[in-house]
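Here is a short tour for anyone meeting this protein for the first time. Take a look at the sequence and the model, then read on.

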Amino acid sequence: MTDYEEIGARIDSLIAGIDDEVARMATVVCELHHSVERFHWTGFYRVTAPGMLTVGPYQGGHGCLSIPFSRGVCGAAARTRETQVVEDVDAFPGHIACASSTRSEIVVPVFRADGAVMAVLDIDSDDPAAFDAKDAQALEAICARVFSGYSETRSN
Ligand code: SME
C-alpha cells in the first residue's frame, strides 16, 4: 500500500516557502519517484503553448521533449482534463513509448487556480496494471495542493 499521506507531508514540508513552479515540480517528481518502487518514470509535461506540452522536471530515462494535445496518453489527459489510468499501454491507441519496458501508465492533469490545465503529471511503470483509482485520487490531491494556487506561471 503506497503511503501517499506520508509522501504528501514530505512534499509539503520540502516546498514550504518556495513559490517557484519548477522547483515545486522537481520536488514532487523526486519524492514520488524515489518513494514508490513501481514508478519507473515520473515527470511533468507543461503547457507551453495552446495545445502543446513540453517536458518539465522528470526522473528516469529520457522522456520525449514535446507532445501535442492530439497525441499520446499525456495529450489525452490535457485534452479531456481527466486523469488517464492505462492498465496496458499497448492497448491505448496512440500511446507514445519513451521506453520499450513501459507496461502501464497514469497521467494526471494539473490545474491552475482559474481552472486552466497548466501541466500533466506522467508516471510510467514497467509493471502491468500498476495504477488504480486510489493512485489517481491521491496524485490528483497532491497536485491540487501544490499547484492550484497558481494564477499563472510564477518563478522567483
Ligand atoms: N507515454 C506518454 C509519453 C511520455 S513518455 O512516457 C515519458 C504518452 O503516451 O503521452
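## A buried phenylalanine and its partner

Phenylalanine 44 is buried, with a relative accessible area of 0%. Buried here means under 20% relative accessible area, exposed means over 50%, and partly exposed is in between, using a 1.4 Å probe and protein chains only. Phenylalanine 147 also counts as buried, at 0% relative accessibility.

A word on where this comes from: the model is predicted, so local features need pLDDT of at least 70 and side-chain atom pairs count only at pLDDT 80 or more, while totals for chains, interfaces and linings use all residues. Residues are numbered from 1 along each chain as its sequence is written, and side-chain values use heavy atoms, with hydrogens and water left out.

## Rings that pair up

Rings of Phe, Tyr and Trp (its six-membered ring) pair if their centres lie within 6.5 Å; planes under 30 degrees apart are called stacked, over 60 edge-to-face, and the rest tilted. That rule gives 5 aromatic pairs. One of them is tryptophan 41 with tyrosine 58, a stacked pair with 5.1 Å from centre to centre and 25° between the planes. Tryptophan 41 sits in strand S1 (residues 41-49) and tyrosine 58 in strand S2 (residues 52-59), so this pair ties together parts 17 residues apart in sequence. Tryptophan 41 is buried at 6% relative accessible area, whereas tyrosine 58 is partly exposed at 28%.

Back to the phenylalanines: the ring centres of phenylalanine 44 and phenylalanine 147 are 5.4 Å apart with planes at 70°, so they make an edge-to-face pair. Phenylalanine 44 belongs to strand S1 and phenylalanine 147 to helix H4 (residues 133-147), so the pair ties together parts that are 103 residues apart in sequence. There's a cluster too: ring pairs link Trp41, Tyr45 and Tyr58.

## The overall layout

Zooming out, the protein has 4 helices and 6 strands. These are DSSP runs numbered from the N terminus, with helices being H or I of at least four residues and strands being E of at least two. Along the sequence, the pattern goes α-α-β-β-β-α-β-β-β-α. The C-alpha atoms fill a box of roughly 40 × 35 × 25 Å along the principal axes.

Of the 156 residues, 46% count as buried. Contact means heavy atoms within 4.5 Å; among contacts between residues at least 6 apart in sequence, 53% join residues at least 24 apart.

## A helix wrapped by strands

How many of the 9 residues of helix H3 are buried? The count is 7, so helix H3 (residues 72-80) is largely enclosed by the rest of the structure. The buried residues in H3 are Gly72, Val73, Cys74, Gly75, Ala76, Ala77 and Ala78. Their cover includes S1, S2, strand S3 (66-68), strand S4 (84-86), strand S5 (104-111) and strand S6 (117-125). After H3 comes arginine 81, with a positive phi near 65°.

## Histidine 40 in its loop

Histidine 40 is found in the loop between helix H2 (21-35) and S1. With 31% relative accessibility, histidine 40 counts as partly exposed. Leaving aside residues up to four places away in sequence, histidine 40 touches His33, Gln59, Gly60, Asp124, Ser125, Asp126 and Asp127. Serine 13 is another matter: 27 residues from histidine 40 along the chain, with 24 Å between their C-alpha atoms.
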